[in-house]
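Here are my notes on this one, as numbered points. Have the model open while you read.

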Amino acid sequence: MAGAKLTPSPSEIDPDVKTEATKTPEEPTWVNPSKPIRTMGSFGSDAGQRYQEEYSMDSTNAQVQVEFYVNENTFKERLKLFFIKNQRSSLRIRLFNFSLKLLTCALYVIRVALDDPEQVTGVCVNCQNRTSTATAESTEITEINWELIFWVNRRVPVWAIQVTVALISFLEAMLLTYLSYKGNIWEQMFQISFILEMINTVPFIITIFWPPLRNIFIPVFLNCWLAKCALENMINDLHRAIQRTHSAMFNQVLILICTLLCLVFTGACGIQHLERAGKNLTLFNSLYFCIVTFSTVGYGDVTPHIWPSQLLVVILICVALVVLPLQFEELAYLWMERQKSGGNYSRHRAQTEKHAVLCVSSLKIDLLMDFLNEFYAHPRLQDYYVVILCPTEMDIQVRRILQIPLWSQRVIYLQGSALKDTDLMRAKMDDAEACFILSSRNEVDRTAADHQTILRAWAVKDFAPNCPLYVQILKPENKFHVKFADHVVCEEEFKYAMLALNCVCPATSTLVTLLVHTSRGQEGQLSPEQWQRTYGRCSGNEVYHIRLCDSKFFGEYDGKSFTYASFHAHKKYGVCLIGVKREDNKSILLNPGPRHIMSAPDTCYYINITKEENSSFIFKQEEKDKKGLPVTGLYDAPSRLPVHSIIASMGTVAMDLQNPADPPEDCSKLTLPTENGAGSRRPSIAPVLEIADSSSILPCDLLSDQSEDETNHSDEEGSSVSDFVKGYPPNSPYIGSSPTLCHLLPQKASFCCLRLDKGCRHNSFEDAKAYGFKNKLIIVSAETAGNGLYNFIVPLRAYYRPRKELNPIVLLLDYPPDNHFLEAICCFPMVYFMGGTIDNLDNLLQCGIIYADNLVVVDKESTMSAEEDYMADAKTIVNVQTMFRLFPSLSIITELTHPSNMRFMQFRAKDCYSLALSKLEKIERDKGSNLAFMFRLPFAAGRVFSISMLDTLLYQSFVKDYMIPIARLLLGLDTTPGSGYLCAMKVTEEDLWIRTYGRLFQKLCSSSAEIPIGIYRTESHMFSSSESQVSINVENTGGDDQRSNRRESWKEKTAQRKSTTSDQSEHPLLRKKSLQWARRLSRKNTKPPSRTERISQQRLNLYRRSERQELSELVKNRMKHLGLPTVGYEDVANLTASDVMNRVNLGYLQDEMNDHQNSLSYVLINPPPDTMLELNDIVYIIRSDPLAGPDVPEDAAQGQSSGGGQTRQDFGTETRDETHL
């Protein structure tokens, strides 16, 4: 109907209009032929009729068809499209033109080769032939025969071909001139290319109509310059046609080469022709002369003899002096620019060789070396290339590093942006094996840095969707934007979780850092210090994986429990099985406990020096059987080291397979020496069951606390603890946080109650003392309350932490937190905040620093960027040093921006031992170690940490894709049902009967199904008062002490041991070498201290004591001024024994009352089974998930012997005590 209304009836059309309509061809109408045409009478009014007439006129105009781009239908535009605009057709035309020019030059050479000057004949109009012959006897050319210059001998076939080529070239030149005409004909005519074209083509066309001029000389060799222009245009069209960015460097080199060739060819042809009237040089002699001349050699054996050829040489030299420097300057400029931008990574190399791309916003030397050292530490990555894509110009230090032959052949630097497809194409991102996108952590605005990283990740994913992405994000709230990436590491998540675990498990940061660094355990092996050799050897342990059916380590434990496999693999091979993954499940489970039964398709994750594929096995038992020697077990020879102690090599590692048949319950190997000489024995350690039955697994209640039944609490303590419930936090500060079961408050606390230093209507407490906390505080000093700080609280409030051991958390913030963050933390018990900074003593005292056990100093964002990079940590280091002097018993955990600044933590200028360690660090760095800083005492003790140390976690995930999930499980960032968690236990005097680490492994596996993975050890040392004598363990270990020690009990001897496997007093040669090593590094005299030196030392001690008293008075006066009780503040001189021992256990270097009484702490990852336990050792253990229900097959439970159940009854009472053995 609408179409019918749009068409007027014939009676209503104006006659004039109707006449015009009949004259025009019919146009299609919108009339439906199946329906009748309505007239305006249906509208019922004159107004409707007039509207319809006007509307009909408009509808008629709207039906006119419009054709677009009609200008391209003309003959000229079609020719222009074919010859100029179209890339492929114009490329063919230019290639044809280039071939014609080369053909003309070749024809000229042929004409010269067939030319004979003695037969030259010039024919003029109405003139007879004139011939001149040069006599061979004449030695001097006195007259110039101009006829030989203007006339040549041109054969008829050569002339015919040259005329044909000239005619084609002329027509093509005229056509292109016509098509490129833009209104100025003179501009077209006076172009050099047009003039050369006319000189080389018009004379040949004239000879067609005037035959006497066929032998006239025409400088056809000038076509080489036209060929040069055609070649340049052809290459540009070639790159346009194939849609690839061309190299300006390649084009400029090509132009330079063509210019040199044209100059030489022009000079050779011109001199040869002009010398026809002189000495008659050949074309080869002329070419030889030009090359000798342009190379500035100038032998002088071939020279031009007539002035026209000499003039041509002068002209050519002048042209060369003008043209060539310009070309070389352009080439040098492009070469410098290419050095800055890096050029391209060729497509051929990308398709035949493997490469990875590193995208960064700014490249620093530390970041580059960390990446390269870790990336190329893996043997299978040695043939990879690394392409660095960075928008900034290459730094001078980076340029020097990349010029080293080790890296210059494997690292390619490209200056460009990941947001440009052209730069991604230069880096051949679509062919890359991986793309690492790193954030700039030194930016003041870290959120903006994350936004740049997100855009880079999106750009790479859009350009190369199949390229694996490895992304580093700073802020946790930005992580969900890049969840499509294969691997993502959020810096603040890992940082805060690691700092939180450092408060409950000392040196967790050192443990994880050593695990994620690639090392072969060779650091410190040449040192005479026992602890450095042991520490360096154990630092080579890493996490590897293998399928159970393909493994010799674990293949024999198919159908056995996980705990059984872990213990026996460590006993037999020295490897530590920590996790497993089912074939039908993507989640990795750390220590799933005895409920998990190993099966052949399982993937095992273990800690060892090297992976099993790089190991060889030596069955010493079979060799001894052949020789008839007795077979010894694991504990028969404590000095024998298993595979864990052997330095891993690139090829294989020899492994001693101990006798697996030795029963661990053999009482003769586990008995203790008696004190009274009686025959009483302590019970031996129970065996680890192959398959745990349901009765051996203690049930765990979700709503109960395992620590509540151990002791009877008082009413006050019970009232404060019983208020906590277990549940999932209701509010998460950002998207993507893993839900974790935590201790929560029954009701959310009001925001006003979270303020520590100000009372409210709910409570009137204004300082930490008023709260009356049962446990020591944990204070966190940060600039802002970012969302990452949420990950500091969650691990400390996780459900597996005993309620009675929860420490109050105080957030000391420079800027007040927003309500969004307070909403997220108000559900956690004993979490408070207050405003203040660590450089303000009043703020530290108000937040309860004298009642704190740990102070965590987080690196501030505002100080990360400084004019001098390494000065970013200056304020933090000085403030921490001040707090260390004011509160010496406080454990301070510091985060630094640059790992190299850790040497300034608790700096002492006259500490010769630290200077010796500094030189040892330089030696290890020169050897190419990735862990040169590991011997720094603050790092070894876990008191300092830098987030840049975890960059290797992202790099390792390229080879080990399981490293990030395992690290997240260890740090408590993820909680997978059935997966265990990391915790620590201390070895007390009651536990020393276990003696060795291997027996401890058995005890933990059999009693509580816990897997130990390392030891945190603290050793005490006495340093000499003289700086010239620096040694370790220089205690008096004479014969009297040794004889008296023989009469002591075994326990007392064990408590006095100061080394890992043997006392240095038993090795006087080793102790002597230690003294010599320390003296050599200190470079001091070995003379005993004189009387003057002793007096000076005594005065210094008095000065230091007065200084400490002054500091103590300062703190007490500030506390009185603030109205705080001074009872809690203990002077350094009145430190309690527990505080001193706590400080020693935490690895603090110096006792303030005795500058020469020192201690050092370090981490031993997966030590050998025969490592002796020492008093106050802290053992890292992976405890199984207490919420995991029994999952044991019935047939497996029925298959157990009754002896196993009886054994369980013997030690079942010990499983409730999980902290102390």
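Is Arg1118 buried, partly exposed or exposed? At 24% relative accessibility, Arg1118 counts as partly exposed; the cut-offs are under 20% relative accessible area for buried and over 50% for exposed, with partly exposed in between (1.4 Å probe, protein chains only).

1. Ground rules. This is a predicted model, so local features need pLDDT of at least 70 and side-chain atom pairs count only at pLDDT 80 or more, while totals for chains, interfaces and linings use all residues. Residues are numbered from 1 along each chain as its sequence is written, and side-chain values use heavy atoms, with hydrogens and water left out.

2. Salt bridges. The whole structure has 25 salt bridges, counting a side-chain nitrogen of Lys or Arg within 4 Å of a carboxyl oxygen of Asp or Glu. Arg1118 pairs with Asp842, with the closest N and O atoms 2.7 Å apart. Asp842 sits in helix H30 (residues 841-846) and Arg1118 in helix H40 (residues 1091-1121), so this pair ties together parts 276 residues apart in sequence. Helices (H or I, at least four residues) and strands (E, at least two) are DSSP runs, numbered from the N terminus.

3. A buried pair. Arg1017 and Asp1177 are both buried, and they form a salt bridge with the closest N and O atoms at 2.6 Å. Arg1017 is in strand S22 (residues 1011-1022), and Asp1177 is in the loop between S24 (1154-1165) and S25 (1178-1183), so the pair links parts 160 residues apart in sequence.

4. Around Glu492. Glu492 is buried at 4% relative accessible area, and its salt-bridge partner Lys475 has its closest atom 3.3 Å away, counting N and O. Lys475 is buried too, at 9%.

5. Biggest void. Glu492 also turns up in the lining of the largest cavity, among the residues that lie nearest its centre. That cavity has a volume of about 110 Å³ and is lined by 13 residues. A cavity here is a set of points on a 1 Å grid over the protein atoms alone where a 1.4 Å probe fits but cannot get out, and lining residues have an atom within 4 Å of a point. Volume is the space filled by probe spheres set on the points, which are joined across faces, edges and corners.

6. Cysteines. There are zero disulfides, a disulfide being a pair of cysteine sulfur atoms within 2.5 Å. The sulfur of Cys435 is 3.9 Å from the closest cysteine sulfur, in Cys359, so it is too far for a bond.

Conventions: On a 1 Å grid over the protein atoms alone, a cavity is a set of points where a 1.4 Å probe fits but cannot get out, and a pocket is an open set with protein on both sides within 12 Å along at least five of seven lines; lining residues have an atom within 4 Å of a point.
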